[in-house]
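Hello,

Here is the structure I said I would pass on. Please open it beside this message, and read the notes below with the model in view.

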Amino acid sequence: MSTNTETTFDVEGMTCAACATRIERVLSKQDGVEQVAVNFATREAKVIGAVPADSLASAVDRIGYGIHEILPTDARPDIVARYADEQAEQWRRFLGAAILAVPLIVLAMLVPAATWNTWAQFALATPIVFWFGRQFHVAAAKQLRSFGANMDTLVSLGTLAAWTWSVWAALSGDAIFFETAGAIIAFILLGKFFEARAKGRASAAVTKLLELGATEARVLQGDEEITIPAERLRVGDRMVVRPGEKIPTDGRVIEGFSSIDESMLTGESMPVDKVVGDDVFGATVNQQGRMVVEATATGAETALHRIARLVEDAQASKAPVQRLADRVSAVFVPIVVSIALVTFAAWVLISGDVGQAMTAAVAVLIIACPCALGLATPTAIMVGSGKGAEKGIVFKGAEAFERSSTIDTVLFDKTGTLTRGHMTLTRIFGDPIVLQRAAAVEHASGHPIAVAIVLGAEERDLPIPPVSDFMDMPGRGVVGTVEGIEVVVGRPLLLEELGMDIEQYHQDELTTYETFGATAVMVGWEGKSRGVLGVADSLRSTAKEAVSGLRDLGLDVAMVTGDNPATSRTIAKEVGIDRVRAGVLPGGKDTEVIRLQDEGRTVAFVGDGINDAPALTRADMGMAVGTGTDIAIESGDVILMSGDPTLALTAVRLGKATFRVIRQNLFWAFFYNAAMIPLAAFGYLNPMFASAAMALSSVSVVGNSLRLRRFG
């Protein structure tokens with residue numbers, strides 16, 4: 001990592017949130033590192049800076065952990081498989097510990113005290129503590145070598161203290177606690193098993209997403225069809241896709257036509273018609289005709305893998321609310337150890353009962369659970385982002401979930417967001433040459449109005465002459481030279497700026513068009529207006545439902561658009577929006593977001609065009625429609641994979657639900673530790689029950705996060 005860039009690392013050896021905090025602190029101290037985020041749940045670290053990866057790995061290795069750079073061409077580690085392996089390993093260890101712990105507890109609680117009983121308990125407890133519980137002692141030793149501490153330190157100290165005291169007590173005839181040490185290890189191993197299983201389920205979204213892809217492809221070689229594994233596809237391969245088959249990879253239709261089910265990508269159930277020249281996406285399903293598709297992207301460059309990568313990045317990122325938990329985790333273990341020492345000393349001084357003092361101190365060490373703090377945010381984000389991907393919504397970072405909780409205003413762009421963005425020429429006022437020359441100039445533009453005018457001329461079989469000296473005046477119109485004549489197409493304001501006279505009947509006609517919801521442009525040349533063209537865009541069928549749903553959440557909904565006021569008000573009235581800002585130039589959408597923010601509002605902006613990018617970036621939560629431009633998608637915090645406006649509603653609801661779970665998790669984690677540590681210190685908790693409660697606290701946090709899988 002020699003340039004200032006973002007690098008992702010796979011992290012090994014983390015066992016709790018304190019580990020992640022420690023690694024983050026070490027990495028952030030390296031010269032050249034600007035930003036670090038280490039995620040305990042996904043076991044990844046993201047580093048922004050200009051430091052060689054080897055130097056960072058060496059720094060982390062010195063504190064007992066390992067990091068390995070994940071190159072862009074590398075497959076991301078399968079976190080689900082990793083948790084499955086951990087789950088199996090923890091289950092094996094728990095079974096071994098439980099087989100010995102059950103008779104150990106029976107001997108301690110039900111069998112009269114005797115010398116043989118004492119040493120039988122010693123024989124049963126020793127392998128539990130030192131063999132089945134070795135993972136805690138090894139991790140604690142690594143921490144000790146680098147003057148660190150984590151949850152393993154607490155478990156190791158607690159069990160070793162109980163075991164060591166019991167050996168001394170056995171030799172001196174005092175009370176023993178072998179069953180405490182054994183039961184603690186068994187209960188915590190059981191908790192680790194449930195935690196690994198729950199985190200695996202929380203991480204499954206990306207794996208399920210990638211499993212949607214085709215495994216085989218039928219490729220044309222000459223006139224022969226050859227079946228090959230999908231991973232062997234290369235750009236340029238021609239794939240035959242029959243009805244009912246998945247498209248193996250992203251491509252372009254070069255033969256045939258069909259309807260494609262893109263629901264896995266966009267969340268929309270309505271099939272999309274595809275003809276020659278149209279782009280198609282891997283893992284979508286061909287429903288009707290035979291098609292030949294030329295591969296345009298494979299492997300990690302396909303839309304499916306890019307979405308999966310965005311979801312992974314979101315899962316690996318940190319929400320700002322997590323910073324408080326990280327700060328607490330960083331000092332948590334030393335504070336708990338100090339409380340345990342004070343507890344031991346206080347009991348000895350007050351009661352003189354060393355056995356009771358040991359019991360209380362061990363309970364303090366065992367009951368404390370920094371893991372619940374560390375898992376509170378990332379597990380909710382993992383499940384929430386996975387559920388979003390299922391519904392065609394990609395959250396690009398954890399911050400989007402937190403921001404969604406404070407949104408009070410949703411600002412919609414009109415064209416391509418509330419409307420379909422596919423305009424058609426509906427009205428012509430003037431001679432055919434008006435349309436012909438307007439189409440010639442607009443042919444050089446990619447604006448939706450321009451496309452509608454050009455298509456309108458082609459549909460009427462009008463020849464379109466070439467244009468020269470083309471100029472685009474953003475928000476006002478276009479100018480070009482056609483057949484030696486300068487032709488202007490756009491708002492009347494542009495014609496006036498260029499010194500043209502506006503005929504009153506042209507102005508009246510333009511006003512009439514706009515009254516009926518059409519977008520009208522004026523065409524002029526040689527000093528005056530020559531005609532008026534009207535284009536119209538159809539409203540999306542779910543736009544009204546989306547606006548109504550957002551209002552039901554208590555949010556204000558407004559619309560900002562570069563279109564004329566009359567057309568904009570017509571569209572707004574249809575969907576139920578009262579506040580409209582129309583006729584806005586490209587920079588005006590950004591200005592409107594700033595104006596609302598200056599009023600104290602927290603703004604979400606929904607848009608799809610290049611001119612929406614500044615507003616998407618400026619908004620507290622930018623939602624980019626995935627059918628829009630690449631620059632808009634890059635600028636958004638959330639990507640809506642289809643043009644369905646109800647996805648904006650779902651994104652806000654899911655964001656709020658996810659952050660609500662995060663708050664619940666953090667409250668539980670803080671409350672648990674704040675309540676249980678004093679109870680343990682005052683002797684109200686047996687260490688065995690403390691170990692069960694500690695294990696349950698982590699599992700309960702993950703389990704609460706898993707409730708988001710039922711989000712509808």
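Predicted model: local features only at pLDDT ≥ 70, side-chain atom pairs only at ≥ 80, totals over all residues.

F9 stands opposite A45 in strand β3. That pair of residues belongs to an antiparallel pairing in which 6 bridges join strand β1 (residues 5-12) to strand β3 (residues 44-49). Strand β1 also pairs with strand β4 (residues 66-70), again in the antiparallel sense, over 5 bridges. There T8 has I70 in β4 as its bridge partner.

The whole protein

The protein has 712 residues, and 54% of them are buried. It contains 26 helices and 26 strands. Counting contacts between residues at least 6 apart in sequence, 70% join residues that are at least 24 apart. The accessible surface comes to about 29900 Å², and carbon and sulfur atoms account for 56% of that surface.

A three-stranded sheet

What is the order of the strands in the open sheet of 3 strands? The order is β10-β9-β12, and the pairing is antiparallel. Strands β10 (272-274) and β12 (285-286) are the edge strands, as each of them pairs on one side only. Strand β9 (residues 258-261) is joined to β12 by 2 bridges in the antiparallel sense. In this pairing, D261 of β9 stands opposite V285 in β12.

Strands around β21

Strand β21 (residues 528-536) pairs with strand β16 (residues 424-429) in the antiparallel sense, over 5 bridges. I428 is found opposite L533 in β21. Strand β21 also runs antiparallel to strand β20 (residues 519-525), and 7 bridges join these two. Here M522 stands opposite V532 in β21. Strands β20 and β21 form a hairpin with 2 residues between them. In the turn of that hairpin, E526 has a positive phi of about 50°.

Helix α19

Helix α19 (residues 504-515) has 12 residues. From its first C-alpha to its last it reaches 16 Å, close to the 16 Å expected at 1.5 Å a residue. Which residues of α19 are buried? They are H506, L510, Y513 and E514. These residues cover an arc of only 95° around the axis, which puts them on the same side of α19. On the other side of the helix, Q504 and T515 are exposed. The buried residues of α19 pack against β16, β20 and β21, and also against the helices α18 (492-497) and α21 (565-575).

Aromatic pairs

The count of aromatic pairs comes to 11. One of them is the pair of W91 and F94, whose ring centres are 5.5 Å apart and whose planes are at 40°, so the pair is tilted. Both residues lie in helix α3 (residues 79-110), 3 residues apart, which is about one turn of the helix. An α-helix has 3.6 residues a turn, so residues three or four places apart point the same way. F94 is buried, because its relative accessible area is 14%, and the cut-off for buried is under 20%.

W668 and Y672 form another tilted pair, with ring centres 5.7 Å apart and planes at 45°. They are 4 residues apart in helix α25 (residues 646-681), so about one helical turn separates them. W668 is partly exposed, with a relative accessible area of 32%, whereas Y672 is buried, with a relative accessible area of 2%.

Ring pairs also link W119, F122, F130, W163 and F178 into a cluster.

That is what I have for now.

Regards

How values were computed. Residues numbered from 1 in each chain as written. Heavy atoms only, no water. Buried < 20%, exposed > 50% of the residue type's maximum accessible area, 1.4 Å probe, protein only. Contact = heavy atoms within 4.5 Å. Areas by Shrake-Rupley, 256 points an atom, 1.4 Å probe, with all protein chains shown as cover. Pairing = 2+ DSSP bridges. Expected span 1.5 Å × (residues − 1). Arc of directions from axis to C-beta. Phe/Tyr/Trp six-rings, centres within 6.5 Å; stacked < 30°, edge-to-face > 60°.
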